[in-house]
Amino acid sequence: MTERRPHLLVLSGWAGVIETALSLGFDVSFIGNTADFTPHDLEVLDRCRFVRPLPAEQVVGCLEAARAMHGEHPLDAAVSFGEFGLESCAVVADALGIRGLPLASVAATRYKDRMRAILADHPELGLGWARVASAEDLAKFHARHGLPLILKPVAGSGSVGVRQITTAEELRTALDDARLWIGEPHLAEEFIEGDELYSVETVTLNGRHAVAGISLCRLARHPNPAVTEITVPPPAPYDRHLPRITDAVVAFLDAIGHTWGLTHTEVKVARDGRPVIIESQTRIGGYRIFRMVEHAGGVDEIATVLRSLLPGGERVTSPHLPPTHAVGGVVSLIPPAKRVLRTADPELLRAVEGVEDFEIDIRPGETPLPVAANTRRPGLIWLRVPDHAAAERTKRDIARTYWVEFEDGDVWHPSF
């Protein structure tokens with residue numbers, strides 16, 4: 001008799017996750033949007049037991065589809081490593097009584113007011129905040145906490161919809177913006193100043209948290225909160241904060257009841273040196289941070305948590321703060337928003353030592369869109385180098401190699 005393979009449901013994501021699961025011995029089914037899948041991705045999907053091409057953020061639809069799958073061939077676990085399937089994964093796992101993301105930590109991280117309420121019992125992790133549904137609410141928060149402050153959507157993640165308010169004029173603009181108060185309430189928070197953000201990637205197995213890697217993320221200047229550069233691990237002197245950041249993130253994960261899976265947590269360091277939790281999600285970090293973590297310290301986050309779902313998976317462990325033997329990173333290309341005449345051939349970047357990959361969407365005859373959030377970039381270049389000095393050399397070589405000429409005659413070279 002053929003031994004039954006554990007049946008894994010993958011909600012949303014990319015074909016690489018399915019390939020990894022299949023290679024580990026899972027019987028895999030998939031729920032998610034397949035509109036952008038390549039021919040190779042579709043070939044991978046053909047190896048799945050069930051495929052339901054529907055948006056993974058549609059929780060009720062996903063639960064209905066998962067129940068049908070479960071009735072035909074029982075599921076053992078559900079996973080989601082990207083943005084859109086997290087809530088569906090937690091609901092499906094809980095409803096079907098299978099392994100998957102914990103409801104408690106998914107709810108805490110998806111709904112920021114819930115997270116702040118939990119952290120109110122942990123003053124060493126929290127900051128001033130309030131749920132605001134009107135201009136009057138925002139004015140009251142300002143009266144209590146002053147400027148600067150952050151205004152963001154209650155639900156979701158990333159920098160989409162995040163507004164930095166640092167001046168009286170910006171506050172007046174927000175108070176007078178009637179569109180801001182249509183629909184869902186916002187969260188107002190104290191603003192931790194600084195252009196450096198730390199990203200902490202963790203693997204939690206059987207309630208034990210292991211930090212797989214920490215990155216330094218540089219932010220664009222005010223009023224844009226978007227990330228422009230990421231480095232794993234942080235270079236000196238920024239690495240001096242890592243012990244306190246690590247302790248804060250572990251305490252945070254305990255506070256929200258996280259017991260299994262990956263997390264991506266963003267931390268800022270206040271002027272007094274105290275780490276402050278800014279955001280967290282029960283998924284891998286964007287911009288391929290999980291690959292940078294693997295380059296730097298050798299931890300394959302996705303494969304590790306998948307192995308923990310196999311028979312005998314209770315014995316799977318993940319190293320905590322593994323020593324780093326390389327540097328991974330990504331830099332953004334953010335040219336001026338002017339009409340492009342021509343550019344250097346991006347393929348020239350493949351000859352630059354330390355460049356691992358790139359995605360560049362800067363074309364003649366078009367105007368690069370301004371970067372307003374972390375979901376949109378004219379260009380990204382990934383680095384894989386032996387150390388931080390090599391990373392700086394690679395960035396200088398990129399700046400010499402790639403350029404954009406505009407119709408007004410200006411020539412732009414990236415600077416990092």
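Which residues line the largest cavity?

## Basis

This is a predicted model, in which local features need pLDDT of at least 70 and side-chain atom pairs count only at pLDDT 80 or more, while totals for chains, interfaces and linings use all residues. Residues are numbered from 1 along each chain as its sequence is written, and side-chain values use heavy atoms, with hydrogens and water left out.

## Cavity

The largest cavity is lined by Val79, Ser80, Phe81, Leu101, Trp260, Gly261, Leu262, Thr282 and Arg283. A cavity here is a set of points on a 1 Å grid over the protein atoms alone where a 1.4 Å probe fits but cannot get out, and lining residues have an atom within 4 Å of a point.

## Helix packing

Helices are DSSP runs (H or I, at least four residues). The axes (lines fitted to C-alpha atoms over the stretch in contact, with angles from 0 to 180 degrees between N-to-C directions) of H4 (residues 86–96) and H5 come within 9 Å and cross at roughly 155°. H4 and H5 are therefore roughly antiparallel (over 145 degrees).

For H5 (residues 103–110) and H6 (residues 112–119), the axes come within 5 Å and cross at roughly 110°. H5 is thus roughly perpendicular to H6 (65 to 115 degrees).

Methods
Helix = DSSP H or I, 4+ residues; strand = E, 2+ residues; numbered from the N terminus. Parallel < 35°, antiparallel > 145°, perpendicular 65-115°, else oblique. 1 Å grid on protein atoms, 1.4 Å probe; cavity = no way out; pocket = protein on both sides within 12 Å on 5 of 7 lines; lining within 4 Å.
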